[in-house]
Amino acid sequence: MIAIVDYGMGNVASVKTAFLNLGYEVEITDSLERLKQATHIILPGVGSFKAAVEEINQRRLLEPLRELAQEKPFIGICLGMQLLFDKGYENGKSDGLGLIPGEVNKIETEYILPHIGWNQLQIENNNKPFAEFQDKHVYFVHSFQARTEQEFLVATSDYGTEIPAIVQKGHVYGMQFHPEKSGEAGIELLKVFLENTSSVRGQVK
Amino acid sequence: MIAKRIIPCLDVKEGKVVKGTNFVGLRDLGDPVEMASSYSISGADEIIFLDISATNEGRQTMVDIVRQTAEKVFVPFTVGGGVRSIEDVNRLLKAGADKVGMNSAAVTNPGLITESSERFGAQCTVVAIDAKRFGDKWHVMTHGGSKDTGIDAIEWAKEVETRGAGEILLTSVDTDGVKNGFDIALTKAVVNTVRIPVIASGGVGKPEHFPEVFKETDVSAGLAASIFHENTFTVQEVKDACKRQGVNIREA
């Protein structure tokens, strides 16, 4: 069972539908017991970094999520990806999950914000499983972006500045765009995440 | 590079997609969920539902349509029409809409824009502006384009941005249904005033009208309704026309 973490930040129905269509059982839950039972953890989210951290804290899930990310395939989507980093600076400074080194700040660009729309992926570090997605358009909606080291970048997108679009450290992945809203390319990208992490899949605590 | 978006708009009345010209004269075109799904597969970058139901039952039906669409459509979709309160916004977002558009209610109660933006974020707060030319200015029109508010449309665009709107859906009442192309002057005036994405709407009659508005203004997206529904041409034909003119679009 794939678990989508329910912490009250944004609609997650489409994320669920995307994984259902890929043939997986999916549960939207904030129960630690259920999260421990899951094969994969999906951390979605729309809204502000600080509010998200507060919601996760209220559910006493911050530390458990850090632990779950050590043993299971884990993917953060949109705000969920931003939460993977050490710190965020939206509405003041807050600590994230610290699963990937880096910080989240307002996008600095001469272009209009929010960064809304279909932007192209630039695959970084000659990342083979993702190579076929070079120049593919995916759907972004955000005003803040991660800043991290080159080694964790799988793909970036150019918006007058380089925006990390896909990040990865071990079996922890992040997608800044919405794969569940990015048509066929988005679904295919989720498939790559599932395939790339298949060796760690299925460890149930 | 970010792609220019091509958006089919579905006018929905009491659960059915209808066609209207200059906001009047309606004709039944089909099932909204089926149509949205088929557009998303054939390359639409986004779908907009405009609820023009006259009854509460019609509005409730819209929520069900949104729920079904969220289960079937893998591109973003926006719902507008009849949104009067923060509860309406909440209900549509909860049902699965990615963005909610507000129009008349935003004019009578601009605080609704601020409230929606603060609570749900600028990214899902869309303000629809229907504008009509009066001399060298444009006025904001409400009630399906029939009522002149006397408000300067350019000033209003600036205000909705300040209040936290993440996007403007700009319809020219003058060109809507005329099929001679988008209202370039109005679109340019609004795009050059605000720093949020603008969707141009009203006036498409042929695929070339899309690259025209993208070349002549910095608008982020173009919207059309009846020409797509009547199979006058397809989303792909619009994208082909854009490509020929060197406009960056998404290849589905």
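**View 1. Side chains of strand β1 (residues 2–5) of chain A in the predicted model**. On strand β1 of chain A, A:I2 and A:I4 point one way, whereas A:A3 and A:V5 point the other way. All four of these residues, A:I2, A:A3, A:I4 and A:V5, are buried. In a regular strand the side chains alternate between the two faces of the sheet.

**View 2. Pairing of β1(A) with strand β2 (residues 26–29) of chain A**. The two strands, β1(A) and β2(A), pair in the parallel sense, with 4 bridges between them. A:A3 has A:E27 as its bridge partner in β2(A). From β1(A) the chain passes through α1(A) to reach β2(A), forming a β-α-β crossover that is right-handed.

**View 3. Pairing of β1(A) with strand β3 (residues 40–43) of chain A**. Strands β1(A) and β3(A) run parallel and are joined by 3 bridges. Within β3(A), A:I41 is the bridge partner of A:A3.

**View 4. The side of chain A that touches chain B**. In the predicted model, 24 residues of chain A are in contact with 26 residues of chain B. On chain A, the elements that contribute two or more residues to this side are α1 (13–21), β8 (115–120), β10 (137–142) and α6 (183–196). The largest share, 5 residues, is supplied by β8(A). Classified by residue type, the side of chain A that touches chain B comprises 11 nonpolar, 10 polar and 3 charged residues. Helix α1(A), one of the contributing elements, also lies on the path of the crossover from β1(A) to β2(A).

Methods: Residues are numbered from 1 along each chain as its sequence is written. Chains are lettered from A and ligands numbered from 1 in the order in which they are written. This is a predicted model: local features need pLDDT of at least 70, side-chain atom pairs count only at pLDDT 80 or more; totals for chains, interfaces and linings use all residues. Two residues are in contact if their C-beta atoms, placed from the backbone, lie within 7 Å. Ala, Val, Leu, Ile, Met, Phe, Trp, Tyr, Cys and Pro count as nonpolar, Asp, Glu, Lys and Arg as charged, and the others, Gly among them, as polar. A residue is buried if 20 or more other C-beta atoms lie within 10 Å of its own, exposed if 12 or fewer, and partly exposed in between; C-beta atoms are placed from the backbone. Two strands pair if DSSP finds at least two bridges between them. A crossover is right-handed if, with the strands pointing away from the viewer, the path from the first strand over the helix to the second runs clockwise.
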